[in-house]
Amino acid sequence: MASISNEPERENRDEEESGANEDEDTGAQVAPIIKLEEVAVTTGEENEDAILDLKSKLYRFDKDGSQWKERGAGTVKFLKHKESGKIRLVMRQSKTLKICANHLVTSGMSVQEHAGNDKSCVWHARDFSDGELKDELFCIRFASVENCKAFMEKFKEVAESEEEKEESKEASDTAGLLEKLTVEEKNTEEEKKEEKPVEKVASAEAEKAVEEKKTEESVPSA
């Protein structure tokens, strides 16, 4: 019976010795098998500021099949370049970060609500997401009506702003051209004014030479 009562005590001693052995620092150092270096990941958006970003799902219209095809679900952004001020629309798939839309928002572009769905809207664009410019018809769907309205308002705001910039540039170019023409006309008039005295002097000298010649001819020879 005594041997049975002492069994838990022996088990406790074994556990304490085992724990002491596990806690003991052997001083051994294990070097990693592969050393991984930190790599900087660039997205091409480093020089741009996001002025709007919303979760959404994008579709493009397949002309050959005459149907809408999904491009991906993710975040759509309006990105403004820090130097040029140009604004582009970019959308990436949430899991793979693959670009499914990438185009500038320019003057003349328009966006409108998709028929029968106030959470979706459509627009045409010259898209570059596949590495070459293509005319695309896009449809984007949001989780709420508010997000769809916010997207459409920002889209229209950017397009109108670009149109105003172009009109301002055209007006500035026209003013510069008119100023240049005015300066050229003024220079031409000044050149004409400077030429007139020269012509008078030349004419007077010619008349004087003719008179002198007549005088010489009228003098009798000795």
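Which residues form a nonpolar patch on the surface, and how much accessible area do they have together? In this predicted model, local features need pLDDT of at least 70 and side-chain atom pairs count only at pLDDT 80 or more, whereas totals for chains, interfaces and linings use all residues. Residues are numbered from 1 along each chain as its sequence is written, and side-chain values use heavy atoms, without hydrogens and water.

The nonpolar patch is formed by Ile 33, Ile 34 and Leu 36, with about 440 Å² of accessible area together. Accessible areas come from the Shrake-Rupley method with a 1.4 Å probe, and for residues only the protein chains shown count as cover. Leu 36 is found in the loop between α2 (7-23) and β1 (48-62); helices (H or I, at least four residues) and strands (E, at least two) are DSSP runs, numbered from the N terminus.

Of the 222 residues of the protein chain, 23% count as buried, that is, under 20% relative accessible area, with exposed over 50% and partly exposed in between (1.4 Å probe, protein chains only). Leu 36 is exposed, at 76%. The largest nonpolar core has 25 residues, such a core being a set of buried Ala, Val, Leu, Ile, Met, Phe, Trp, Tyr and Cys residues joined through side-chain atoms within 4.5 Å. Its largest share, six residues, comes from α3.

Key. Patch = residues over 30% accessible without salt bridge, like charges linked within 9 Å, V, L, I, M, F, W, Y side chains within 5 Å. Salt bridge = Lys/Arg side-chain N within 4 Å of Asp/Glu carboxyl O.
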